[in-house]
Amino acid sequence: MSNAAVTPVRRIACAAVPDLPHASWSNALALGPELVLSGQTAHPATAAAAQAGAALGTYEQTLLVLRKIQALVEAAGGGLYNIVKLVVYVTDIADKDEVGRARREVFGAQPAYPASTLIGVNALVFPELRVEIDAIARLDVDLRHLSEVPSCLHPR
Amino acid sequence: MSNAAVTPVRRIACAAVPDLPHASWSNALALGPELVLSGQTAHPATAAAAQAGAALGTYEQTLLVLRKIQALVEAAGGGLYNIVKLVVYVTDIADKDEVGRARREVFGAQPAYPASTLIGVNALVFPELRVEIDAIARLDVDLRHLSEVPSCLHPR
Amino acid sequence: MSNAAVTPVRRIACAAVPDLPHASWSNALALGPELVLSGQTAHPATAAAAQAGAALGTYEQTLLVLRKIQALVEAAGGGLYNIVKLVVYVTDIADKDEVGRARREVFGAQPAYPASTLIGVNALVFPELRVEIDAIARLDVDLRHLSEVPSCLHPR
């Protein structure tokens with residue numbers, strides 16, 4: 001593939017989402033306009049809260065996670081409106097409405113929400129975690145400005 | 001990123017996969033030729049069938065889900081042959097062959113299947129659901145027409 | 001979408017990761033420079049080892065999986081440095097450090113790791129499997145050569 005056009009890669013660094021010295025992953029990579037992120041959690045705020053006897057619920061954790069994702073997208077030069085997809089992993093499927101409430105609070109002012117998938121998983125990387133979110137963002141698209149909506153061509 | 005080329009975003013609407021009024025997600029977004037979808041399930045057909053005492057099995061649910069994904073891709077101007085990746089979440093891993101049967105029925109006439117990942121999860125958003133599928137489609141690729149296949153350069 | 005630019009699709013074949021005759025998925029598709037892969041596991045080595053009474057642990061399985069992914073990317077004309085994202089599914093979340101150890105061994109010499117998400121799931125497709133990895137690669141990006149890192153514009 002020696003003649004392939006080369007897309008520059010930037011590693012996105014951000015005070016709000018520090019790179020851990022021994023991490024074996026990148027928090028976020030910008031491949032040209034496309035942002036590839038690692039799954040984000042509310043750790044270490046969740047651990048501190050649990051130690052203080054005031055464990056964070058799913059709504060609070062989801063808000064923290066979405067703000068971390070926002071911080072990474074902003075560090076790359078974009079904003080919330082560049083987030084096009086979320087995959088939400090929860091440890092208790094009953095928490096889905098709390099996730100929805102946080103998602104509405106963060107994205108509700110836009111004409112379109114990101115696409116989103118929500119799955120109940122067996123475990124996340126720390127026991128206090130109730131939600132982890134895997135996001136995709138594109139700096140070249142803006143969910144505040146939609147093109148015309150096509151109707152369904154082949155209804156079933 | 002003020003000089004970034006802008007890729008138009010279309011929200012894909014489709015009678016077969018209605019947008020719920022209070023949804024905090026988009027069913028499907030077209031970013032230029034790329035289709036980003038939310039995870040699809042056979043709800044509400046699964047709920048109706050369960051209430052009628054005839055719960056839908058994984059094979060039937062998978063067919064319904066793949067037809068919903070097809071309807072969304074067609075609403076965007078494409079077809080089944082534009083679907084390049086599936087992530088299949090099942091609540092019982094023993095159902096993997098039922099998923100394969102449905103996948104073969106839907107995609108088997110093409111020279112290539114989409115890539116596919118299948119995972120056993122703890123829970124999906126409604127108790128009757130046995131399968132959810134997260135799909136990626138590209139309107140600019142067509143799995144009915146493949147280029148030459150390279151051999152393995154570095155077999156291990 | 002009749003005027004869309006057409007991106008050629010190659011089905012990636014590789015002796016190290018054979019296409020099973022009755023598979024209802026493609027192991028890997030190259031869509032222009034983008035590589036879409038099916039989730040990879042250490043099967044059938046895991047089954048053979050289990051039958052021999054020497055089941056493979058998560059560290060060993062992760063290495064085998066990453067080498068399979070590498071073989072597919074190399075068959076497409078690239079290398080490890082083209083892998084931009086991993087989604088790691090483990091059956092026991094306690095194994096996360098074993099995954100990290102293998103990831104460090106494979107990618108540690110590069111200036112940047114792929115982004116990575118790690119989730120504890122209920123089950124994988126064979127009982128001996130402890131880890132499955134879903135990877136995304138891009139032949140047009142190279143993690144050995146990073147552009148400058150922007151600082152966080154909006155710390156929170």
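How many residue pairs are in polar contact between chain B and chain C? The count is 14 residue pairs, with both residues at pLDDT 80 or more; a polar contact is here a pair of N or O atoms within 3.5 Å, where within protein one must be able to donate a hydrogen and the other to accept it, and residues adjacent in sequence count only if both atoms are side-chain atoms.

The structure is a predicted model, in which local features need pLDDT of at least 70 and side-chain atom pairs count only at pLDDT 80 or more, while totals for chains, interfaces and linings use all residues. Residues are numbered from 1 along each chain as its sequence is written, chains are lettered from A and ligands numbered from 1 in the order in which they are written, and side-chain values use heavy atoms, with hydrogens and water left out.

The interface of chain B and chain C draws 41 residues from chain B and 40 residues from chain C, contact being defined as heavy atoms within 4.5 Å. The size of an interface is often given as the accessible area lost when the parts come together. For chain B and chain C the buried area is about 3,200 Å², 57% of it on carbon and sulfur atoms; this quantity is the accessible area (1.4 Å probe) that two parts lose on being put together, summed over both. Two salt bridges are counted between these chains, a salt bridge being a side-chain nitrogen of Lys or Arg within 4 Å of a carboxyl oxygen of Asp or Glu. One salt bridge joins the side chains of B:K85 and C:D134 at 2.8 Å, N to O. On the side of chain B that touches chain C, two or more residues each come from β4 (83-90), α3 (96-107) and β5 (115-120) of chain B; helices (H or I, at least four residues) and strands (E, at least two) are DSSP runs, numbered from the N terminus. The largest share of this side, six residues, is given by β5(B).

Between chain A and chain C, the contact involves 40 residues from chain A and 42 residues from chain C. These chains bury about 3,200 Å² between them, with 57% on carbon and sulfur atoms. Two salt bridges are found across this interface, and the side chains of A:D134 and C:K85 meet in a salt bridge of 2.8 Å, N to O. The polar contacts between chain A and chain C amount to 14 residue pairs, both residues at pLDDT 80 or more. Elements giving two or more residues to the side of chain A that touches chain C include β1 (9-11) and β6 (131-138) of chain A, and the largest share, five residues, comes from α2(A).
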